[in-house]
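Q: I have just opened this model and would like a careful tour. Please start wherever you like.

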Amino acid sequence: MEVTQEEYQKVVDQLNQLQEEYDQLNMMFENMGQGYEEALKLYDQAMESSRMKTDFIQQISHEIRTPLNILSGFTQILTTPGMELDEATQKEVSQGIADNTNRITNLVNKMLELADAGSDQEIERNDDVPAVQIAAQAADESRITMATHLAFDIQMDDGTDMAMLHTNLQQATRALVLLLDNAMKFTRPAEAALATAEAVTDKKVLLKLTMVEDGTMMAFAVEDNGIGVPPEEAERIFDEFVQLDEYYDGTGIGLTVARSIARRLGGNIVLDTDYTGGARFVYTLPM
């Protein structure tokens, strides 16, 4: 049977049409697959976020309950009829009350700061202060110079001792305090291992001041030889409630708040992924 050119062309057109319909169906299935994968990814992210928030609430409860229990114990000692305390015990009790009151106050302050962490509103900069003042004040407020498990030092590059910053002294210092707190925390043994941990003798934290970007920015680098951070987690650690090591007590909001403050002051905080001896955070502020 002889097939005419017209019939042949008709068959070709039908095959082309079927091919187009097949391609369209295939594309629909691919899109459905991508949609499913995206939905699954969003679901996993939502579940992870929910888990982190649950862990955060549990951790906050622990962080508050512990100092409250200690304060309650001291109160019972002080209010027990006929209880007489020698001078050394009185000093110990007074110090314990002060330390645990500060612990609760700092936790409440962090919670208040977290409420502002998602804001992109700039922080007013009305202070002209030496960069070294920010470093010294942060070291004092963090009490890192009193930490018994590490050696702390401040190092200044040429010219930084006279460098002035137009910033907000309180907020600029607060961000650096949070970084120093982080360094202190991760240079000591995890809370779960404290009972069996050997004495720490070789831990160090260095705060280094360097002018960068042609002298337009001041960098405060906080460098430690603690447990470190995997390079692939360099951004995730700044997310709220994230704690990479569950055996360390904490809230997972310190780095979130610190970076938020830095960015709202016109600077930034990043993890130096080239540093392998522990962790090195670089905090920059405009001059």
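**Inside the sheet and beside it**

Q: Which residues is Phe 220 in contact with, leaving aside its neighbours within four places in sequence?

A: With those neighbours left aside, Phe 220 is in contact (heavy atoms within 4.5 Å) with Ala 131, Ile 134, Ala 135, Leu 165, Leu 176, Leu 207, Lys 208, Leu 209, Phe 281, Val 282, Tyr 283 and Leu 285. Please keep in mind that this is a predicted model, in which local features need pLDDT of at least 70, side-chain atom pairs count only at pLDDT 80 or more, and totals for chains, interfaces and linings use all residues. Residues are numbered from 1 along each chain as its sequence is written, and side-chain values use heavy atoms, with hydrogens and water left out.

Q: Is Phe 220 buried or exposed?

A: Phe 220 is buried, its relative accessible area being 0%; buried means under 20%, exposed over 50% and partly exposed in between, with a 1.4 Å probe and protein chains only. Its place is in strand E5, where strands (E, at least two residues) and helices (H or I, at least four) are DSSP runs numbered from the N terminus.

Q: How far apart are Phe 220 and Leu 285?

A: In sequence they are 65 residues apart, while in space the distance is 8.3 Å, C-alpha to C-alpha.

Q: What joins E5 to E7?

A: Eight bridges join E5, residues 217-224, to E7, and the two strands run antiparallel. Met 218, for instance, has Leu 285 as its bridge partner in E7, and Ala 221 stands opposite Val 282 of that strand.

Q: And which way do the residues of E7 point?

A: Ala 279, Phe 281, Tyr 283 and Leu 285 point one way, whereas Arg 280, Val 282, Thr 284 and Pro 286 point the other way, and all of them are buried.

Q: Where does E7 sit in the strand order?

A: The open sheet has five strands in the order E2-E4-E5-E7-E6, with mixed pairing, and two strands count as paired if DSSP finds at least two bridges between them. E2 and E6 are the edge strands, each pairing on one side only. E6, residues 268-271, is joined to E7 by four bridges in an antiparallel run, and in that pairing Val 270 has Val 282 as its partner.

Q: Changing topic, how do H2 and H5 pack?

A: H2 (residues 87-117) and H5 (residues 254-264) pack at an angle of about 50°, with their axes 9 Å apart; axes are lines fitted to C-alpha atoms, for helices over the stretch in contact, and angles run from 0 to 180 degrees between N-to-C directions. That makes H2 oblique to H5, since angles under 35 degrees count as roughly parallel, over 145 as roughly antiparallel, 65 to 115 as roughly perpendicular and the rest as oblique.

Q: Which residues make that contact?

A: On the H2 side they are Lys 110, Glu 113, Leu 114, Asp 116 and Ala 117, and on the H5 side Thr 256, Val 257, Ser 260 and Arg 264.

Q: What does H5 lie across?

A: H5 lies across E6 and E7, and runs at about 135° to E6.
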